[in-house]
Protein chains: 4
Amino acid sequence: MNEYTMTDIQNRIQSSFNAQGLMQTLGARLLSAQEGEVQIELPFSTALSQQHGYAHAGAITSVVDSACGYAALTLAPAGHEVVTAEFKTNFTRPAIGERFIATGRVETAGKTMTVCRGDVVAISGDSRKVVALMQATIVNVKV
Amino acid sequence: MNEYTMTDIQNRIQSSFNAQGLMQTLGARLLSAQEGEVQIELPFSTALSQQHGYAHAGAITSVVDSACGYAALTLAPAGHEVVTAEFKTNFTRPAIGERFIATGRVETAGKTMTVCRGDVVAISGDSRKVVALMQATIVNVKV
Amino acid sequence: MNEYTMTDIQNRIQSSFNAQGLMQTLGARLLSAQEGEVQIELPFSTALSQQHGYAHAGAITSVVDSACGYAALTLAPAGHEVVTAEFKTNFTRPAIGERFIATGRVETAGKTMTVCRGDVVAISGDSRKVVALMQATIVNVKV
Amino acid sequence: MNEYTMTDIQNRIQSSFNAQGLMQTLGARLLSAQEGEVQIELPFSTALSQQHGYAHAGAITSVVDSACGYAALTLAPAGHEVVTAEFKTNFTRPAIGERFIATGRVETAGKTMTVCRGDVVAISGDSRKVVALMQATIVNVKV
C-alpha cells in the first residue's frame, strides 16, 4: 500500500489492471501509479521462461507495455481510454532475476497521442540491473 | 503435423519451443518451421486478455517474437543460439479472434545479426485480419 | 516517366515532393507513385556520407520515410494530409552503392493511422542489395 | 568552445564529425562531447524542410542518430568504431524552430552493443520543445 492507493487515478488503474487476464496469468501486480508514472512488479517463475531459463522477452515486454499504457492513462483526457499503437523494446541483458520492476513514464502527452518510455530492472538480492528499455506510442480513444 | 516435422530444423526448434515456459503458459503451439520461416499458433483465452477483453499486446508480441527468433535460428551458423536484441511491433487492429497465427520471416541474415519481420493474423471463422506487424533484430551467440 | 505520371495521385505527390526542401538538398527524385506504393531514387554523393564514406543512415532514412509517407498519402481520406508519427529502421548492410531506391508500401490503412513498411536497395552495376528496412506509423491530419 | 574541447574524446569525435559529408550538407555542428553524451546543433533552413515548411523527419533523425552514435563511440573499447544497427524515432511535435539541439546519451554499454536514447529540442527565442525521441542500437566493430 502507498500514498496513491486511495486516489482516483490509483483506483482507476487498479481496477483496469485487475481486468487484464494476462497480468494475472503472468503473476504481475500493480506497484504504484501516480501522474505520468506507473510501476508493475513481476516475480520470476519458470512459467515465464524462454528456452535458456531466463524470463522471455515477451513477458518482460508485457509488463512494461502495461506500465507505459497506464502511465499514459493517468494523463489521458476525461472520457478516454488508451490503446498501444506500437512499441519498441531493447533487451540490454539476459532477464535474470528474482523479480522485475517495470516502470512506464510519460515523455510527451498530446491530445490524441502519448509517447512513453519504460524500463525493466531485474532485482536479485542487492543487485539491480536494467534488462529492457521501451519507447511506446499510446493512443487516446473515446469511450 | 506437416512435411517439416521430421527434419533436423523442426526437431531443434520443437525442442527449444518445449523449453519455453512462457509458450506453455500462454497456450501457444509450434505450427511449422522451415528455412527462414516459422509459424506459431495461439488460441484465444481470457487468460491472455487486456482490460477490454481482447488479447493483450504482450501476448501477441510474445508469440511473434518467438516466431521471429526461431526463423532466425533456422539460418544461424552451426554452434550458435539466438537471442532477441530488440523488436518493434505495431498493433494495427484490436486483437480479437478465436485464434492467432504468428509468422516470423528472415529478411536479411548476417554473420552476427539477423533482421526478421513478423505478423500476427487473427482468425475467426472465415475472417483473417492482420493485428500486428513486427520488425526484429536477432543476434547469434556461440553456445 | 511512367504510367502513373499523369494521374491525380502522381501529381499530388510530385507537387508535395517538390515542396520538400530536404529531398532537393539530398538530390532525391520521385521515381513512381501508385496506390499504396511509392519509390524514390537517391544517387550517391559524398554530400550524403557518414565518416566511413558510405551513405549516412540519416540520408537513407530520409528517403524511405518520404516514400512511406507518400505511400500512405495515396490512400489517405480526401481532405487529409499525412505526418510521420514514428518509424523504426534497421540498417542491414553498409549503404554502399551508385544509387539507392527507397520503396514505401502501405501494410494497413486505418481511419486515422497507416502502417507502412519500406526498404532501401543499393544498386551498383548489376548488384542490388537491401541496405535498410523500415516500419513506420503515419497519421492522417485534416487540412 | 567548452571544457571538453581539448580532450582526446572531443578530438576523436570532432574529426569523425568533420568526415561526415551529410552533417556539412545539413549545416549541423558538433556542440559538445563528453563520456556517454554528445550534442549536435542544427540551425533551421528551408533546405531541410518537408512539404509543410517544417524540418523534415529525416533531417531531425540524421542529427540525433549522429549524436547517439558519437555518444556510443565515447565509451567504445579501444580499436573499435561504431555503426548504427537500427533506431526508432518518435516525432512528438512539428519540428518548428530557429534551431534544434540533438542530444544522444548512452543507456547501457555492452561489449558488442550499446543502447542509446536521444532527443531533439526545438529552440525559438525562449521556447524549448521536445520534437523527437530516439532509441537506438549501436554496434562496436573492430577497425
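What you're looking at is a predicted model, so local features need pLDDT of at least 70 and side-chain atom pairs count only at pLDDT 80 or more, while totals for chains, interfaces and linings use all residues. Residues are numbered from 1 along each chain as its sequence is written, with chains lettered from A and ligands numbered from 1 in the order in which they are written.

Let's start with chain B. Its helix α1 covers residues 8-18, and Gln10(B), Ile13(B) and Ser16(B) are buried there. Buried means 20 or more other C-beta atoms within 10 Å of the residue's own, exposed means 12 or fewer, and partly exposed is in between, with C-beta atoms placed from the backbone. The face turned away from the buried side carries exposed residues: Asp8(B), Ser15(B) and Asn18(B). Helices (H or I, at least four residues) and strands (E, at least two) are DSSP runs, numbered from the N terminus.

So what do the buried residues of α1(B) pack against? Here are the partners:

| Element of chain B | Residues |
|---|---|
| β1 | 29-34 |
| β2 | 37-43 |
| α3 | 57-73 |

Next up is where chains A and B meet. 27 residues of chain A are in contact with 27 residues of chain B; contact means C-beta atoms, placed from the backbone, within 7 Å. On the chain A side, β3(A) gives the most, with eight residues. β3(A) is also joined by five bridges to strand β3 (residues 80-91) of chain B, and the two run antiparallel. Strands pair if DSSP finds at least two bridges between them. In this pairing, Lys88(A) stands opposite Lys88(B).

Finally, chain C has Ser45(C) in the loop between β2 (37-43) and α3 (57-73). Ser45(C) counts as partly exposed because it has 15 C-beta neighbours inside 10 Å. Its C-alpha is separated by 8.6 Å from that of Gly27(C), 18 residues apart along the chain.

Notes
Contact = placed C-beta atoms within 7 Å.
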